[in-house]
Amino acid sequence: MADIKKGDHKFYIGDDEQNPKAEITFKEIGEHVLNVDHTYVSEELRGEGVGGKLVGRMVEHARSEGKKIDPTCSYTKKKMEETSEYRDVLA
């Protein structure tokens, strides 16, 4: 699988940040909270666990920044609630 790259308020897979093959986007809500508002995986990458890897990368980012995640993206919210290792960063 391709590397996950950091973009402007997103992590993505692909050569073009503006037209990624997969992405997870977020906004900063105050000083200590990141709102994950969108996750996308293209047809060609579906079924490979890419969405879960993007959520994992987002969790790593939040931890390194000392922030919590308030997901409004339904996929991210479900993945974080179902993964006990992620609950420490769930706002």
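This is a predicted model: local features need pLDDT of at least 70, side-chain atom pairs count only at pLDDT 80 or more; totals for chains, interfaces and linings use all residues.
Local features are reported at pLDDT of at least 70 and side-chain atom pairs only at pLDDT 80 or more, whereas totals for chains, interfaces and linings use all residues. Residues are numbered from 1 along each chain as its sequence is written, and side-chain values use heavy atoms, with hydrogens and water left out.

Helices (H or I, at least four residues) and strands (E, at least two) are taken as DSSP runs and numbered from the N terminus. An open sheet is formed by 5 strands in the order S1-S2-S3-S4-S5, with mixed pairing; two strands are said to pair if DSSP finds at least two bridges between them.

The pairing can be followed strand by strand. The hairpin of S3 and S4 has 3 residues between the strands, and Gly-30 in the turn takes a positive phi of about 70°.

In a regular strand the side chains alternate between the two faces of the sheet. Both faces of S2 are covered: Lys-10 and Tyr-12 on one side, and Phe-11 and Ile-13 on the other, are all buried. Here buried means under 20% relative accessible area, exposed means over 50%, and partly exposed lies in between (1.4 Å probe, protein chains only). In S4 (residues 33-41) lies Asn-35, which counts as buried because its relative accessibility is 8%. With neighbours within four places in sequence left aside, Asn-35 is in contact (heavy atoms within 4.5 Å) with Thr-25, Phe-26, Lys-27, Ile-29, Asp-70, Pro-71 and Thr-72.

Helix H1 has 16 residues and spans 23 Å from its first C-alpha to its last, close to the 22 Å expected at 1.5 Å a residue; the expected span is 1.5 Å times one less than the number of residues. The buried residues of H1 include Val-50, Leu-54, Val-55, Met-58, Val-59 and Ala-62. Among the elements that cover the buried residues of H1 are the strands S1 (5-7), S2 (10-13), S3 (22-29) and S5 (68-69), together with S4 and helix H2 (74-82). Arg-57, also in H1, is partly exposed, with a relative accessible area of 26%. Beyond residues up to four places away in sequence, Arg-57 touches Ile-4 and Phe-11. The C-alpha atoms of Arg-57 and Lys-79 are separated by 13 Å, the two residues being 22 apart along the chain. After H1 comes Gly-66, with a positive phi near 70°.

The largest nonpolar core contains 20 residues, and Met-58 and Ile-69 have the most contacts inside it. Such a core is a set of buried Ala, Val, Leu, Ile, Met, Phe, Trp, Tyr and Cys residues joined through side-chain atoms within 4.5 Å. Two or more residues are given to this core by each of S2, S3, S4 and H1, and the largest share, 6 residues, comes from H1. Not counting residues up to four places away in sequence, Met-58 touches Phe-11, Ile-24, Phe-26, Leu-34, Val-36 and Ile-69.

A search of the whole structure finds 1 aromatic pair. Phe-11 and Phe-26 form this pair, which is stacked, at 6.1 Å centre to centre with 25° between the planes. Phe-11 lies in S2 and Phe-26 in S3, so the pair ties together parts that are 15 residues apart in sequence. Rings of Phe, Tyr and Trp (its six-membered ring) pair if their centres lie within 6.5 Å; planes under 30 degrees apart count as stacked, over 60 as edge-to-face and the rest as tilted. Phe-11 is buried, with a relative accessible area of 0%, and Phe-26 counts as buried at 4%. The charged end of Lys-6 sits over the ring of Phe-11, 5.5 Å from its centre; this requires NZ of Lys or CZ of Arg within 6 Å of the ring centre and within 35 degrees of the ring normal.
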